[in-house]
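This report is for a reader who is meeting the structure for the first time. Please keep the sequence and the model at hand while reading.

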Amino acid sequence: MEKNVNLSVGEAQARVMRHVPLGSVEDIPLERSLGRVLAEDARANRDLPPRDVSAMDGFAVRSADAACAGAVLTVIEDIRASDRPRSTVVDSQCARIMTGAPLPSGADAVIRVEDTRMLSGERVEILVPVKAGDDVRRRGEAMKTGDVVLEAGTKITPGVVGVLAAVKRTRVSVRRCPRVAVLSSGDELEALDAPFDPERIPESNGHALMAQVRTLGIEPAYLGIARDDPDDLADHLRRGLAHDVLLVSGGSSVGVHDHVRPALEALGVTLHFWCVEMKPGHPVALGTYGEHLVFALPGNPVSSMVCFEQFVGPALRAFMGHARPFRRAVAASLAREIKHRPGRTEFVRVTLRREADGRLIAASTGAQSSGNLCSMAQADALLIVPPQCAGLPSGAAVRVLPLDGAGFDAVSEFMEHTA
Ligand code: AMP
Ligand code: MG
């Protein structure tokens, strides 16, 4: 395999996926499973609802008796959700029924209470014609015994927790989280807790990368700052390689003080690529050390975060068993022209705003220098400029990859349309 060629983003992602090991399976309590990924299918262990039940508070009727407005029926029983009906509904009879209560035999439909009028002597007038099956939830409609209700590889969201509770999983099988170490490198860097020196560069990559790791529910280990010195770097890298995944930022390029790549090779790491045709993020490397992964990320703060988005996040999700480890791109329209020289895939930081017609409008956050971290803090998404593109005019149809925290608005979809 040719390692020192420039890969496209897609080729590099495919190479990452080929080298990601799958985490082993562990059993954890349901209440701690949010954000993890199911390691096995979950099946229904009962029919839900367990019988045909009412979808409304109202009256269980024979549709033949209630097909016309004006029909009058006699109420023979009250059925609550916890009851078993005792009677059979026959000619011009009905039963008062609560939401979720089982239908009495004889009845084949429900009319909601709002569509009836009580008369004297436990009689009820039908105000709206009823058809067979109206407002009845069929046995097994929500789930049937034995059905696969959740597939392995499903991320556990609040809805999934609800389904797992419905199938009585007090514990769930998930894939373990990778142990992730984060290392920064560079003599110019000033640690967050170091004395303030306006001549130095505040170490931000490590903290931003750890936050990106934490969005996946993984608590990373911070290894601090390695100096641009082969021995100090080797010491730090060696500690990092004890983790499933090591992220090291800075020093990954080809400058004379960029020691990361040779230091990794000296430690026995196999490099699978170190250049990807992307902007920001050109000098990014993937290495393996046995089953362990190393990502050497660019030092520029935006570049390291963008590379995390494209390569590291998907790798961590795949390790955890996600069936869908990549962010889904969405369509948007470009607010203002973007210049681009054909060559690399460019990721432009953009904000997203919704037009009245529902279109998403993507607008660049401004200066796109890879050192301008504020642009990353403002961004809702990364706009993809394809490598062959020679610039995008205002109004162009584009695709964007939403970032964490995107997708929220100051007003709701519904409030916008109220006066
Ligand atoms: P390098 O890849 O080491 O040449 O670094 C490229 C640029 O990113 C330089 O301007 C570095 O000062 C900066 N940089 C590297 N690491 C960090 C970091 N951890 N936090 C903030 N900036 C960094
Ligand atoms: Mg450096």
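## Basis of the model

This is a predicted model, in which local features need pLDDT of at least 70 and side-chain atom pairs count only at pLDDT 80 or more, while totals for chains, interfaces and linings use all residues. Residues are numbered from 1 along each chain as its sequence is written, chains are lettered from A and ligands numbered from 1 in the order in which they are written, and side-chain values use heavy atoms, with hydrogens and water left out.

## Domains

The domain assignment of the chain, with bounds taken from an automatic or database domain assignment, gives domain 1 (9-24 + 177-319), domain 2 (26-47 + 142-175), domain 3 (53-137) and domain 4 (326-417). Taken over C-alpha atoms, the centres of domain 1 and domain 3 are separated by 66 Å.

## The nonpolar cores

A nonpolar core is a set of buried Ala, Val, Leu, Ile, Met, Phe, Trp, Tyr and Cys residues joined through side-chain atoms within 4.5 Å. Buried stands for under 20% relative accessible area, exposed for over 50%, and partly exposed for values in between (1.4 Å probe, protein chains only). The largest nonpolar core has 44 residues, and L247, F295, F311 and L316 touch the most other members. At least two residues of this core come from each of helix 1 (9-19), strand 13 (180-185), helix 3 (205-214), strand 17 (245-249), strand 21 (292-297) and helix 6 (301-319). Helices (H or I, at least four residues) and strands (E, at least two) are DSSP runs, numbered from the N terminus. Helix 6 gives the most to this core, with 11 residues. The core lies between domain 1 (9-24 + 177-319) and domain 4 (326-417), because both give residues to it.

F311 touches V9, A12, Q13, V16, V276, M278, V284 and F295, leaving aside residues up to four places away in sequence; contact means heavy atoms within 4.5 Å. Another core, of 20 residues, lies apart from the largest one, and A181, L267, W274 and A285 are among its members.

## Helix 4

Helix 4 (residues 230-240) has D232, L233, A234, H236, L237 and G240 as its buried residues. Their cover includes strand 13, strand 16 (221-226), strand 17 and helix 5 (260-266).

## R175

R175 is found in strand 12 (residues 171-175). R175 is buried yet has no salt bridge, and the nearest side chain of opposite charge, E40, is 8.5 Å away. For charge, Lys and Arg count as positive and Asp and Glu as negative, and His and the chain ends are not counted. A salt bridge is a side-chain nitrogen of Lys or Arg within 4 Å of a carboxyl oxygen of Asp or Glu.

A polar atom of the R175 side chain lies 2.8 Å from the backbone oxygen of G23. Not counting residues up to four places away in sequence, R175 touches L22, G23, S24, V25, R36, V37, A39, F319, M320 and G321.

## Salt bridges

The count comes to 27 salt bridges. In one of them, the side chains of D78 and R96 meet at 2.8 Å, N to O. D78 lies in strand 5 (residues 72-79) and R96 in strand 6 (residues 93-97), so this pair ties together parts that are 18 residues apart in sequence. D78 counts as partly exposed, at 44% relative accessibility.

K131 and D134 also meet through their side chains in a salt bridge (3.5 Å, N to O). K131 is exposed, with a relative accessible area of 57%, whereas D134 counts as partly exposed at 22% relative accessibility. R62, D65 and D91 are linked in a network of salt bridges.

S333 is placed in strand 22 (residues 330-334) and counts as buried at 10% relative accessibility. Not counting residues up to four places away in sequence, S333 touches R359, L360, I361, A362, G395, A396 and V398. R359 in turn forms a salt bridge with D357, the closest N and O atoms being 3.1 Å apart. R359 counts as partly exposed at 39% relative accessibility, and D357 as exposed at 55%.

A379 lies in the loop between helix 7 (373-378) and strand 25 (381-385), and at 10% relative accessibility A379 counts as buried. A379 touches R349, V350, T365 and L403, residues up to four places away in sequence not being counted. From C-alpha to C-alpha, A379 and T288 are 32 Å apart in space, and they are 91 residues apart in sequence.

Technical notes:
Polar contact = N/O pair within 3.5 Å; in protein donor to acceptor, adjacent residues only side chain to side chain.
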